[in-house]
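Trainee: I would like to learn how to read the features of a model like this one. Please take them one at a time.

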Amino acid sequence: MFRDAITRIERIAGPDHPYTAILLEHLGEALFSLGQFGEATEVYGRIVDIRSRTFGPDHRSVAPALTRQGLGYIAISRNLDAVQALRRALAIWRVGDQPPTSELLLTLEGLVEVSETLGRIREAADYQLQVVVARAIDQGERGAVFADELEEYARLLRRAGEPGQADEMEDRAERARLALPRP
């Protein structure tokens with residue numbers, strides 16, 4: 001259905017129209033959920049191209065497609081391409097107003113994963129710290145979710161050769177887990 005709709009909108013509005021990109025997003029989501037990561041990555045690349053030409057390469061509408069393209073690259077083991085797409089998305093999110101937390105976290109978590117896969121443990125820890133900060137701003141510094149993020153940060157710090165700081169983060173995670181979440 002999405003492919004048929006895309007064909008129709010391309011005939012009406014053109015292959016590089018923002019409406020085409022909207023339909024491509026739906027196709028990309030469907031392909032991703034079906035595990036067709038290679039094709040999904042190509043679709044997200046097309047969205048990036050359309051929105052970059054239409055709105056500019058640093059427009060906020062480009063960042064979600066870049067993040068998903070990066071996650072697709074991770075899924076097909078194109079890790080260096082993933083780093084490039086995810087870093088570009090993060091650079092876009094860092095400019096202007098506060099981005100949607102869920103989008104920022106998805107980008108950062110992708111960067112943690114790919115950095116760790118590439119053996120860049122210190123870099124993965126730095127991105128995980130940004131996850132911790134974003135989670136704290138969004139949900140507070142209490143509860144299981146925040147504690148899980150701190151424990152992941154501690155694990156990465158330990159792997160990066162910083163056991164003292166890792167112990168501190170594990171203690172902080174324990175305190176966060178015992179505290180009630182904010183109402």
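This is a predicted model: local features need pLDDT of at least 70, side-chain atom pairs count only at pLDDT 80 or more; totals for chains, interfaces and linings use all residues.

Trainee: Where do I start with the core: how many residues does the largest nonpolar core have, and which of them have the most contacts inside it?

Mentor: A nonpolar core is a set of buried nonpolar residues joined through side-chain atoms. Here the largest one has 51 residues, and Leu24, Ile47, Leu66 and Leu150 have the most contacts inside it. At least two residues of this core come from each of the helices H2 (18-33), H3 (37-55), H4 (62-75), H5 (79-93), H6 (101-117), H7, H8 (144-159) and H9 (163-178).

Trainee: What does Leu24 touch, if residues up to four places away in sequence are not counted?

Mentor: Leu24 touches Ile6, Val43, Arg46, Ile47 and Ile50. Ile47 is also one of the residues with the most contacts inside the core.

Trainee: Is Leu111 buried or exposed?

Mentor: Buried means under 20% relative accessible area. Leu111 has a relative accessible area of 0%, so it is buried. The residue is found in helix H6. Leaving aside neighbours within four places in sequence, its contacts are Val83, Leu86, Arg87, Leu90 and Tyr127.

Trainee: Which residue other than glycine has a positive phi, and where does it lie?

Mentor: Look at Ser77, whose phi is near 60 degrees. Ser77 lies in the loop between H4 and H5. With a relative accessibility of 59%, Ser77 counts as exposed.

Trainee: How is a pair of aromatic rings described?

Mentor: The distance of the centres and the angle of the planes describe it. The structure holds one aromatic pair. Its members are Phe32 and Phe37, with 5.0 Å centre to centre and 75 degrees between the planes. Planes over 60 degrees apart count as edge-to-face, and that is the class of this pair. Phe32 is partly exposed, at a relative accessible area of 26%. Phe37 is partly exposed too, with a relative accessibility of 26%.

Trainee: Which residues make the nonpolar surface patch?

Mentor: Leu129, Val133 and Ile137 make a nonpolar surface patch of about 270 Å². Leu129 lies in helix H7, residues 121-139. At 35% relative accessibility, Leu129 counts as partly exposed.

Trainee: Now the charged side chains. How many salt bridges does the structure hold?

Mentor: The structure holds 20 salt bridges. In reading one, take the N to O distance, then ask where the two partners sit. Among them is the bridge between Glu10 and Arg46, at 2.3 Å from N to O. Glu10 is in helix H1 (residues 2-12) and Arg46 in helix H3, so the pair ties together parts that are 36 residues apart in sequence. Glu10 is partly exposed at 23% relative accessible area, and Arg46 is partly exposed at 27%. Arg46 is also among the residues that Leu24 touches.

Trainee: What does the salt bridge of Arg177 with Glu151 tie together?

Mentor: The closest N and O atoms of Arg177 and Glu151 are 2.9 Å apart. Arg177 lies in helix H9 and Glu151 in helix H8, so parts that are 26 residues apart in sequence are tied together. Both count as partly exposed: Arg177 has 33% relative accessibility, and Glu151 has 35%.

Trainee: How far apart in helix H8 are Arg155 and Glu152?

Mentor: They are three residues apart, so about one helical turn separates Arg155 and Glu152. Their salt bridge has its closest N and O atoms 2.6 Å apart. Arg155 is partly exposed at 33% relative accessible area, as is Glu152 at 23%.

Trainee: Which residues are linked with these two in a network of salt bridges?

Mentor: Glu116 and Arg159 are linked with Glu152 and Arg155 in that network.

Definitions and conventions:
Residues are numbered from 1 along each chain as its sequence is written. Side-chain values use heavy atoms; hydrogens and water are left out. Rings of Phe, Tyr and Trp (its six-membered ring) pair if their centres lie within 6.5 Å; planes under 30 degrees apart count as stacked, over 60 as edge-to-face and the rest as tilted. Buried means under 20% relative accessible area, exposed over 50%, partly exposed in between (1.4 Å probe, protein chains only). Patches are made of residues with over 30% relative accessible area and no salt bridge: like charges are joined within 9 Å, nonpolar side chains (Val, Leu, Ile, Met, Phe, Trp, Tyr) within 5 Å. Accessible areas come from the Shrake-Rupley method with a 1.4 Å probe; for residues, only the protein chains shown count as cover. A salt bridge is a side-chain nitrogen of Lys or Arg within 4 Å of a carboxyl oxygen of Asp or Glu. Helices (H or I, at least four residues) and strands (E, at least two) are DSSP runs, numbered from the N terminus. A nonpolar core is a set of buried Ala, Val, Leu, Ile, Met, Phe, Trp, Tyr and Cys residues joined through side-chain atoms within 4.5 Å. Contact means heavy atoms within 4.5 Å.
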